[in-house]
Amino acid sequence: MERNILLCGFGAFGQQHAAAWRSVSPKSRLLLADTNPKARNLALKMGFAEEDICGNYKDLICKADIVDIATASDSHYSIAVESLRSKIPTLIEKPAVKVLNEAKILCELSENDCPPVQIQFLLRAHPLVIESKKILKSGEIGRLLALDGIFTGWKRMRPDSNILENDGVHMLDLMRFFVGVKPDKFDVVGDKLLGGRVPETIHLRLDYPKQVKGYLRLGILFGGKQSDPYLAGSLTKKQLTLMGDKGSIELDFNENSMEVTNVEYKKTIGGFTPSVNGVRVRRCPNITPVTLLEQCFENFLMAIERKAPVMCDLKEGAVEITELLETAGAYLAT
């Protein structure tokens with residue numbers, strides 16, 4: 001089907017959005033809004049028509065069948081408001097908004113037969129995440145006890161969002177995805193070990209219903225192991241481990257690998273003695289940011305055409321996560 005897709009933002013990730021749209025919906029017409037003249041010139045060189053490019057999204061939104069927001073996070077809200085008021089299906093990159101009140105307003109605007117709105121937590125589309133959810137549901141690793149997330153590395157800290165908003169939010173969303181509910185409470189500690197203006201090292205401990213725990217470690221000082229596919233020149237470590245009473249699932253998002261370990265825990269005088277009964281590894285070597293975006297966009301088109309559920313809705317991806325980030329941010333600022 002031919003559509004006009006308005007892409008707002010043509011930075012490094014916006015360019016990958018464009019590539020994914022051209023793959024998923026090759027008959028569609030890509031429109032672009034970006035305030036940066038260099039980005040607009042680059043878009044011309046990359047095949048956008050001159051009449052389909054402008055500096056202000058308001059000049060093109062009336063032509064759009066889909067709005068895809070990939071600008072800096074502090075501009076997401078104003079674009080999304082305009083799009084939702086115009087009843088246009090809307091994609092919003094994470095973090096969706098900066099403050100909780102904005103998230104609540106977007107939720108209100110999305111009611112009353114509004115077209116689909118999807119928050120772009122693209123790791124939900126990862127095939128190993130989808131498989132892990134099935135393994136967890138099957139009971140193979142037993143009752144879920146805890147999740148341990150790591151997002152560390154030698155990676156630039158963004159000026160428009162802290163490392164919890166920009167990096168840690170991926171792991172927080174995956175924890176929400178696997179547990180199925182938001183945490184009841186959490187503790188957060190941030191340190192300015194380098195003496196900077198904001199913490200470059202952050203630890204979280206989260207309490208979920210049914211006594212499930214969450215742990216998250218973030219920071220540039222911990223360093224990384226692999227080249228980051230999302231930011232050239234960076235070395236990062238991005239892992240999430242699901243721990244059950246019969247084993248674990250370890251996901252590595254740089255290696256695109258999953259390790260499932262079956263373990264029996266026997267009570268002993270010293271506490272417990274684990275016996276490993278089997279380990280299997282699966283790899284998905286061809287996963288890239290563009291292939292994950294393609295899955296996200298295909299899911300979104302299904303939501304538009306067949307009224308399928310979006311990958312991550314405003315309640316989970318904007319209201320719940322922004323409430324957590326806002327509370328954590330207040331602690332980190334003290």
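**Entry 1: the second largest pocket**

I began with the second largest pocket, to whose lining H6 and H8 each supply at least two residues. Helices here are DSSP runs of H or I with at least four residues and strands are runs of E with at least two, numbered from the N terminus. I noted that this is a predicted model, in which local features need pLDDT of at least 70 and side-chain atom pairs count only at pLDDT 80 or more, while totals for chains, interfaces and linings use all residues. Residues are numbered from 1 along each chain as its sequence is written, and side-chain values use heavy atoms, with hydrogens and water left out.

A pocket, on a 1 Å grid over the protein atoms alone, is an open set of points with protein on both sides within 12 Å along at least five of seven lines, whereas a cavity is a set where a 1.4 Å probe fits but cannot get out; lining residues have an atom within 4 Å of a point. Grid points are joined across faces, edges and corners, and a volume is the space filled by probe spheres set on the points. On that basis I read about 390 Å³ for the second largest pocket. Its lining has 19 residues, and Ser161, Asn162, Arg197, Val198 and Pro199 lie nearest its centre. By class I found eight nonpolar, four polar and seven charged residues there, where Ala, Val, Leu, Ile, Met, Phe, Trp, Tyr, Cys and Pro count as nonpolar, Asp, Glu, Lys and Arg as charged, and the others, Gly among them, as polar.

**Entry 2: the largest pocket**

I then looked up the largest pocket, which holds about 900 Å³ of space. Of the 39 residues in its lining, Phe13, Ala70, Thr71, Arg158 and Asn166 lie nearest the centre. H1, H3 (76–85) and H6 each give at least two residues to this lining, which divides into 17 nonpolar, 12 polar and 10 charged residues.

How many cavities of 30 Å³ or more does the structure hold? I found two of them. The largest has a volume of about 80 Å³, and its lining consists of Leu172, Asp173, Arg176, Lys182, Pro183, Leu206, Tyr208, Glu316, Glu320, Ile321 and Leu324. Helix H6 (163–179), strand S9 (201–208) and helix H8 (314–332) are the elements that give two or more residues to it, and the largest share, four residues, comes from H8. I noted six nonpolar and five charged residues in this lining, and no polar ones.

The second largest cavity has about 60 Å³ of space. Among the residues that line it are Phe151, Lys155, Asp167 and Thr236. The elements that give two or more residues to this lining are strand S7 (144–154), H6 and strand S10 (212–219), with S7 giving the largest share, three residues.

**Entry 3: the sheet and its crossovers**

I traced an open sheet of six strands in the order S3-S2-S1-S4-S5-S6, with parallel pairing. S3 and S6 (117–120) are the edge strands, and each pairs on one side only. Two strands count as paired if DSSP finds at least two bridges between them.

Strand S1 (residues 4–8) pairs with S2 in the parallel sense over five bridges, and Leu6 stands opposite Leu31 of S2. S2 itself (residues 29–33) is mostly covered, as four of its five residues are buried, buried being under 20% relative accessible area, exposed over 50% and partly exposed in between (1.4 Å probe, protein chains only). On to S3 (residues 53–54), S2 runs parallel with two bridges, and Leu32 stands opposite Ile53. At the other end of the order, S5 (residues 90–93) and S6 pair in the parallel sense over four bridges, where I find Leu91 opposite Gln118.

I logged two right-handed β-α-β units: S1, helix H1 (residues 12–24) and S2 make one, and S2, helix H2 (residues 37–45) and S3 make another. A crossover is right-handed if, with the strands pointing away from the viewer, the path from the first strand over the helix to the second runs clockwise.

**Entry 4: cysteines**

I searched for disulfides, meaning pairs of cysteine sulfur atoms within 2.5 Å, and found zero. Cys54 is in no disulfide, and the nearest cysteine sulfur, that of Cys8, is 8.4 Å away. Cys54 counts as buried, at 13% relative accessibility.
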